[in-house]
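Me: I am new to this structure and would like to learn how to read its features. Please take me through them one at a time.

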Amino acid sequence: MIGRTFGILSPFVGGDYYGAIIEGINAAAVAGGDRVMAVQTLDPGSHSADRSGLPDFHRPVAWRHVSGLAVLPGAVSPEYAAAARRAGLPVVMVAAESAGPGMSVVAADNRSGVRDAVAHLIEHGHERIAFAGYMAHFDLRERAAGYVAGLSEHGLSPLLFDAGDNHESGGESVADALIRAGMPVTAIVLGTDRNAMGLIARLIDAGYDLPRDLAVVGFDDIADAAYLRPALSSVRQPLDALGAAVYDLMDKPPQTLQVPTLFQPRESCGCRTGGLAVSEEHTRELFGQVRYLQDTLNVQYELGVALLAGQGGGDPAHLDWLDQTPALAGCLGMWDSGEPEKLNVVGAFRCRVSGVLPVDEFPPADLFELADGPAGDIVFTVPVRSRMRDWGMLAAVGRIQSATPPGREMMNHSGSLLAKALDYRVMEERLRTAAMRDHLTGLPNRLLLEDRLTQAGLRAAREPGYRFAVLLLDLDGFKAVNDALGHAAGDQLLVQVARRLTAALRRTDTVARLGGDEFVVLIDDVSGPGGDEAVRAGIEATVTEPYTIDGQVVEVGLSIGSAVSGDGSADPDLLLREADAAMYRAKSAARRR
């Protein structure tokens with residue numbers, strides 16, 4: 001029997017940093033008889049939390065379902081966390097500089113691990129040691145402070161570089177700066193392992209021999225670190241212990257707790273041991289990671305085909321494409337146009353959920369029942385948003401992905417592709433409308449009219465008693481309106497004529513604009529000889545009523561020509577020509593009058 005549910009707010013809901021913390025919190029929650037759900041706060045398709053900045057995330061997703069919130073670095077604004085606390089939810093901030101009233105903070109002891117790394121490098125004989133990290137983040141500034149303190153203890157001067165981000169690209173930029181400066185240091189500590197990986201790759205490409213030319217230490221001790229050549233020395237922050245501490249503080253008074261870190265020496269700092277030996281166990285582990293990567297790439301490819309190549313078998317909102325993913329179930333809630341804080345559940349996959357829900361009750365409670373169990377399957381939600389439109393929220397039950405770089409997990413990828421697929425449907429409909437509709441009046445154009453005339457002709461051929469009429473209309477005096485009031489007034493007149501014609505006809509009839517001031521009316525199912533006469537009279541009466549345009553009263557006349565199927569032919573082209581000839585006869589008669 002599952003007890004409480006705790007929400008985790010994170011820029012991404014997977015990856016070797018955010019995903020590992022989520023995994024740690026989930027493991028502790030499952031052991032305690034509870035469960036978690038993870039909410040992505042960045043827009044789907046974002047590549048980097050650093051470059052994206054603080055997400056514009058303000059809705060209380062799932063607040064009625066959760067008994068507390070864990071807020072990962074860079075997930076939401078302080079105002080959001082404060083609002084959750086005022087709503088009565090315990091809030092635990094992860095790796096935050098400070099927290100609001102009534103909130104707890106859990107962070108790794110960044111300083112001590114880096115001090116130990118600096119002391120180790122000094123034992124190797126290094127005296128010129130640099131630090132590089134993305135100083136915009138609190139925990140990176142803490143790591144830099146630990147570096148400075150470690151040097152001060154030995155009377156050494158610091159040299160700091162700002163990496164610009166926490167990824168490989170930041171490390172590459174630091175490597176370039178070191179090369180330009182003539183390699184002024186013999187060792188460097190980087191704020192993240194991914195910084196270190198980027199730096200190592202760039203320096204090796206440039207011909208440097210590591211660690212002989214430069215000893216390197218990272219931070220995080222991600223899975224990739226031990227497999228590098230040279231194997232990366234790193235400060236390990238035990239994310240499982242961090243997650244357990246987050247869960248534990250949900251039931252305790254607000255406090256600040258630091259989780260110890262541990263320096264792990266390997267080849268990159270100059271030690272001869274610490275890398276992974278090539279053994280059968282390690283080979284199997286590597287093979288498993290390769291298979292995992294292949295499976296992830298296959299899922300992303302299949303999703304791209306299903307959602308963007310038009311091979312998904314229907315409306316992407318129905319979520320049939322989730323069958324291409326490891327997801328166990330899922331649903332899509334789209335924002336209700338009448339009530340912006342409610343989600344209309346329009347699609348479901350392997351679950352029976354529907355209806356309109358307030359955002360604080362989304363995802364539906366039934367979805368959580370499918371995530372019960374210790375296997376690591378939890379409920380994820382991600383915004384479905386693009387530059388074109390904020391569509392809603394996607395929820396899915398799936399496995400926590402903690403072995404990918406942040407942002408490469410299924411939920412981020414799925415939310416992005418779904419938003420694009422929904423965008424494309426709107427654009428396709430707009431293109432279809434533009435191709436079939438008159439741009440000024442919105443009436444069917446010649447192309448759509450021809451299709452409906454063809455359908456009417458085919459029906460007349462099948463049903464001997466069915467008749468239809470074609471009316472061709474031309475405004476008398478339209479040019480005078482253009483000359484006197486201008487083309488803008490003429491356009492307004494055409495729009496008003498189109499509205500009157502549409503209102504005067506049945507839904508089964510069609511009124512189209514051919515161009516200029518010419519209109520065509522297709523009257524469906526004309527009964528008996530002369531059945532079009534009443535319609536003609538009604539059209540003439542409504543169209544010739546005076547118009548008011550920019551404060552001016554305007555009047556126009558109307559010439560109508562008609563042809564009815566069954567009077568010799570049901571061929572649409574012939575009927576259109578007959579109606580055209582009749583209209584010009586009517587116009588000539590009006591001129592003579």
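Me: Does Met388 count as buried, partly exposed or exposed, and why?

Reply: Keep in mind that this is a predicted model. Met388 has 36% relative accessibility, so Met388 counts as partly exposed.

Me: Where does Met388 lie?

Reply: Met388 lies in the loop between strand 16 (377–385) and strand 17 (390–399). Met388 also belongs to a nonpolar patch on the surface, together with Leu308, Tyr424 and Met427. The accessible area of these residues together is about 320 Å².

Me: Which label does Ala534 get, buried or exposed?

Reply: Ala534 counts as exposed because its relative accessibility is 61%. Ala534 is placed in helix 15 (residues 533–543). For a sense of distance, take Pro364, which is 170 residues from Ala534 along the chain. The C-alpha atoms of Ala534 and Pro364 are separated by 56 Å.

Me: Now the inside. How many cavities of 30 Å³ or more does the structure hold?

Reply: The general idea comes first. Rolling a probe the size of a water molecule over the atoms shows where empty space is left. In this structure there are two cavities of 30 Å³ or more. The largest cavity has a volume of about 70 Å³, and the second largest cavity holds about 40 Å³ of space.

Me: Which residues line the largest cavity?

Reply: The lining consists of Asp56, Phe57, His58, Arg59, Val61, Trp335, Pro383, Arg385, Asp390, Gly392 and Met393. By type, five of the lining residues are nonpolar, two polar and four charged. Strand 16 and strand 17 each supply at least two residues of this lining. Strand 17 gives the most, with three residues.

Me: What lines the second largest cavity?

Reply: The second largest cavity is lined by Tyr17, Ala95, Ala108, Asn110, Asp139, Arg143, Gln237 and Leu242. Four of these lining residues are nonpolar, two polar and two charged.

Me: How many salt bridges does the structure hold?

Reply: Side chains of opposite charge can pair when their charged atoms come close. The structure holds 33 salt bridges. One of them is formed by Arg59 and Asp390, with the closest N and O atoms 3.4 Å apart. Arg59 lies in the loop between helix 2 (49–52) and strand 3 (69–71), while Asp390 is in strand 17, so the pair ties together parts that are 331 residues apart in sequence. Arg59 and Asp390 are also among the residues lining the largest cavity.

Me: Is Arg59 buried or exposed?

Reply: Arg59 is buried, because its relative accessible area is 14%. Asp390, at 26%, is partly exposed.

Me: Where in the chain are Asp438 and Arg513?

Reply: The side chains of Asp438 and Arg513 meet in a salt bridge, at 3.1 Å from N to O. This pair links distant parts of the chain, 75 residues apart: Asp438 is in the loop between helix 11 (410–436) and helix 12 (446–462), and Arg513 is in strand 19 (residues 510–515). Asp438 and Arg513 are both buried.

Me: What is the N to O distance between Arg506 and Asp509?

Reply: The closest N and O atoms of the Arg506 and Asp509 salt bridge are 2.9 Å apart. Arg506 counts as partly exposed at 43% relative accessibility, whereas Asp509 counts as buried at 9%.

Me: Which residues do salt bridges with shared partners join into one network?

Reply: That network joins Asp43, Arg59, Glu341, Arg385 and Asp390.

Technical notes
Residues are numbered from 1 along each chain as its sequence is written. This is a predicted model: local features need pLDDT of at least 70, side-chain atom pairs count only at pLDDT 80 or more; totals for chains, interfaces and linings use all residues. Side-chain values use heavy atoms; hydrogens and water are left out. Patches are made of residues with over 30% relative accessible area and no salt bridge: like charges are joined within 9 Å, nonpolar side chains (Val, Leu, Ile, Met, Phe, Trp, Tyr) within 5 Å. Accessible areas come from the Shrake-Rupley method with a 1.4 Å probe; for residues, only the protein chains shown count as cover. A salt bridge is a side-chain nitrogen of Lys or Arg within 4 Å of a carboxyl oxygen of Asp or Glu. Helices (H or I, at least four residues) and strands (E, at least two) are DSSP runs, numbered from the N terminus. Buried means under 20% relative accessible area, exposed over 50%, partly exposed in between (1.4 Å probe, protein chains only). On a 1 Å grid over the protein atoms alone, a cavity is a set of points where a 1.4 Å probe fits but cannot get out, and a pocket is an open set with protein on both sides within 12 Å along at least five of seven lines; lining residues have an atom within 4 Å of a point. Grid points are joined across faces, edges and corners, and a volume is the space filled by probe spheres set on the points. Ala, Val, Leu, Ile, Met, Phe, Trp, Tyr, Cys and Pro count as nonpolar, Asp, Glu, Lys and Arg as charged, and the others, Gly among them, as polar.
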